[in-house]
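Subject: Structure handover

Hi there,

Here is the structure I promised to pass on to you. Please open it first, and then read my notes below alongside it.

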Amino acid sequence: MTAPRLRARRTALARSGQVLALAAAALLAAALPRLAAAQASAPATDWPTRPVRILTPFPAGAGPETVARVVAEKLSKKWGKPVIVENKPGANGFIAIDAFKRGATDGHDLIQLDNAHLVIYPHLFKKLPYDPVKDFDPIAPLFKAYFFVGVSANSKYKTVGDIVADAKAHPGALNYGSWSVGNPVHLGAAQLEAMTQTQMTHVVYKETSMLYTAVANGELNFALGTMATAGPLQRAGKIRFIAITSPKRHPAFPDVPTVAESGGPAGYEATGWTTIAAPRGLPKAVQERIQRDIEAALAEPDIRERYVTFGYDIFPTTKEQYMGFISAESAKYAALIKRFNLSLD
């Protein structure tokens with residue numbers, strides 16, 4: 001073969017190789033989205049591959065922490081791997097959140113958060129050590145807790161209407177309490193102020209036990225609380241529940257009227273809620289498995305019995321509905337925080 005023909009043949013072969021390479025690249029590019037979609041929708045049969053850790057900002061024995069431990073036990077049996085609840089209380093939950101951010105990003109590290117972390121603190125603090133949107137993906141709500149309006153057993157207030165009337169007659173004289181600025185109990189009472197156009201004084205206590213003892217001895221006019229926090233003194237006959245902050249009476253406490261039935265504003269509702277969140281970007285299949293298995297755990301009779309004891313409600317919902325609920329809660333608290341000019345460094 002002559003030199004010119006040899007060069008021509010080599011050129012043709014090179015061009016043919018380039019064409020084949022381009023065609024292969026095009027086929028791969030077309031297949032990648034389908035491969036990614038298939039991977040995202042495939043069952044998470046190989047997860048978890050090692051122990052799962054649930055970080056919680058709540059101290060041992062607290063109502064939310066107790067729920068996390070019961071759910072963890074159910075998940076451990078379901079997944080065939082240990083599910084460990086690790087308490088990291090303090091600093092408004094920031095210690096637990098920092099540990100979570102430095103942990104595994106593949107779903108083997110999860111975190112329990114409440115509404116303060118996701119929809120209150122972003123509006124309250126000038127600077128946060130986390131981004132509620134970029135750092136967390138709320139997967140499964142654990143419970144919603146309505147509050148009771150608690151007064152001393154010897155209080156002159158028999159209804160929420162009595163409190164409102166006295167607050168209107170004596171602006172700034174009535175007080176209510178909580179354990180910090182901007183928590184759901186504080187903002188729930190502030191919401192009552194806003195809806196009744198009254199002015200009351202918020203008093204902060206270091207611990208919840210001190211808070212409800214102050215209600216019982218008459219040092220505080222009232223405070224919002226759950227069965228887990230205010231219930232012991234209520235059962236001891238030292239605190240009376242004059243209303244519940246739910247839109248209708250709670251089936252476990254049928255004798256306690258709603259705030260509206262007790263002479264308060266119509267449409268008033270105040271809640272606390274907690275969720276299990278995963279790192280943002282967790283594969284959809286793993287997210288769906290965690291959500292599905294948590295929902296199954298919450299449906300078991302022993303957990304439902306505990307929920308009655310604590311006055312907690314399960315609120316099953318789709319992911320889309322849940323994110324809509326969180327968005328609405330964020331807007332509500334943003335407005336309250338702005339109205340009362342609340343801000344923390």
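α2 passes α9 in a right-handed crossing; a crossing is right-handed if the near helix is turned clockwise from the far one by less than a right angle, and left-handed if anticlockwise. Before going further, please keep in mind that this is a predicted model, in which local features need pLDDT of at least 70 and side-chain atom pairs count only at pLDDT 80 or more, while totals for chains, interfaces and linings use all residues. Residues are numbered from 1 along each chain as its sequence is written, and side-chain values use heavy atoms, with hydrogens and water left out.

Helices (H or I, at least four residues) and strands (E, at least two) are DSSP runs, numbered from the N terminus.

**α2 and α9**

The axes of α2 (residues 63-79) and α9 come within 9 Å and cross at roughly 120°. Axes here are lines fitted to C-alpha atoms, for helices over the stretch in contact, and angles run from 0 to 180 degrees between N-to-C directions. The two helices are therefore oblique to each other (angles under 35 degrees count as roughly parallel, over 145 as roughly antiparallel, 65 to 115 as roughly perpendicular and the rest as oblique).

On the α2 side, the contact (heavy atoms within 4.5 Å) is made by V71, K74, L75, K78 and W79. On the α9 side, R289, I290, D293, I294, A297 and L298 take part. By class, the residues of this contact divide into seven nonpolar, no polar and four charged. For that count, Ala, Val, Leu, Ile, Met, Phe, Trp, Tyr, Cys and Pro are nonpolar, Asp, Glu, Lys and Arg are charged, and the others, Gly among them, are polar.

Helix α9 covers residues 284-298, and its end C-alpha atoms are 21 Å apart, which agrees with the 21 Å that its 15 residues should span at 1.5 Å a residue. The expected span is 1.5 Å times one less than the number of residues. The buried residues of α9 (under 20% relative accessible area; exposed is over 50%, partly exposed in between, with a 1.4 Å probe and protein chains only) are A285, V286, Q287, R289, I290, Q291, D293, I294, A297 and L298.

Helix α2 also holds E65, which is buried with a relative accessible area of 2%. Not counting residues up to four places away in sequence, E65 touches T56, F58, P59, A60, N87 and Q112.

**α4 and α11**

Another pair is α4 (residues 115-124) and α11 (residues 319-339), whose axes come within 9 Å and cross at roughly 40°. That makes α4 oblique to α11, and their crossing is right-handed. N115, V119, I120, H123 and L124 of α4 meet I326, E329, S330, Y333, A334 and I337 of α11. This contact has seven nonpolar, three polar and one charged residues.

**α6 and the residues around it**

Helix α6 (residues 184-196) has 13 residues and reaches 18 Å from its first C-alpha to its last, close to the 18 Å expected. It is mostly covered, with eleven of its 13 residues buried; among them are H186, G188, Q191 and E193.

A270, in the loop between β9 (239-244) and β10 (271-279), is buried with a relative accessible area of 2%. Leaving aside neighbours within four places in sequence, A270 is in contact with A145, Y146, F147, G188, Q191 and T245. The C-alpha atoms of A270 and Q191 are separated by 8.1 Å, though the two are 79 residues apart along the chain.

**Backbone details to look at**

Most residues other than glycine have a negative phi, and most peptide bonds are trans. Q197, in the loop between α6 and β7 (201-204), has a positive phi of about 55° although it is not a glycine, and Q197 counts as exposed at 70% relative accessibility. N92 has a positive phi too, near 60°; N92 is partly exposed at 35%. W47 and P48 are joined by a cis peptide bond, with omega about 0°.

**The whole chain**

The chain has eleven helices and eleven strands. Of its 345 residues, 48% count as buried.

Best wishes
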